[in-house]
Amino acid sequence: MSEKTYRRHFLKSFKFPQFNLYLIEKALNPEHTVIAVIDCSFLRKSGKKADGKAYFYKGVAGKSEQGLEISVIYIIEIENPLSYSLSVQQTPSRPHIKPVKKLPPNPMNCWSKKSRKKPKSQSSKPDITRVDD
């Protein structure tokens, strides 16, 4: 087995969440309140060979964009302004999902006051996003 293959196998089989939890338990004060928080982060990616590249919601842009997404579980001690990463996973891609069109800032302003009809430019069926999962 080559060194590169050994490293790849080791990294896939190593139980990072259990190891991280062991270290986090050593760092936390047992008398403090602890919570877990999940946060998804969008990573911009422009190459054609990026594994997992798909359309994901980017909160800053307010729409779906092509890139990568990771989900992080943090352990936070309420009394201290620190967070500890317990687990990080890349969100798997689903290439058949179409990007969501950006909505107007206030959807109620897109209807005319006279007819109150939905404008023709917007679809009556919303696009599916990863948020729907």
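Predicted model: local features only at pLDDT ≥ 70, side-chain atom pairs only at ≥ 80, totals over all residues.
User: What does Phe14 count as, going by relative accessibility?
Analyst: Phe14 is partly exposed, as its relative accessibility is 28%. Buried would be under 20% relative accessible area and exposed over 50%, with partly exposed in between (1.4 Å probe, protein chains only).

User: OK, how many aromatic pairs does the structure hold?
Analyst: It holds 2. Rings of Phe, Tyr and Trp (its six-membered ring) pair if their centres lie within 6.5 Å; planes under 30 degrees apart are stacked, over 60 edge-to-face, and the rest tilted.

User: Why is the Phe14 and Phe16 pair called edge-to-face?
Analyst: Because their planes sit at 70°, with the ring centres 4.7 Å apart. Phe14 and Phe19 also make an edge-to-face pair, since their planes are at 65° and their centres 5.6 Å apart.

User: So which residues end up in the cluster?
Analyst: Phe14, Phe16 and Phe19, linked by ring pairs. Phe16 is partly exposed at 37% relative accessible area, and Phe19 is partly exposed at 38%.

User: New topic: how far is Lys53 from Leu68 in space?
Analyst: 5.2 Å, C-alpha to C-alpha, although they're 15 residues apart in sequence.

User: What else is Lys53 in contact with, beyond four places in sequence?
Analyst: Besides Leu68, there's Lys45, Ser46, Gly47, Gln66, Gly67 and Ser93. Contact means heavy atoms within 4.5 Å.

Note on methods. Residues numbered from 1 in each chain as written. Heavy atoms only, no water.
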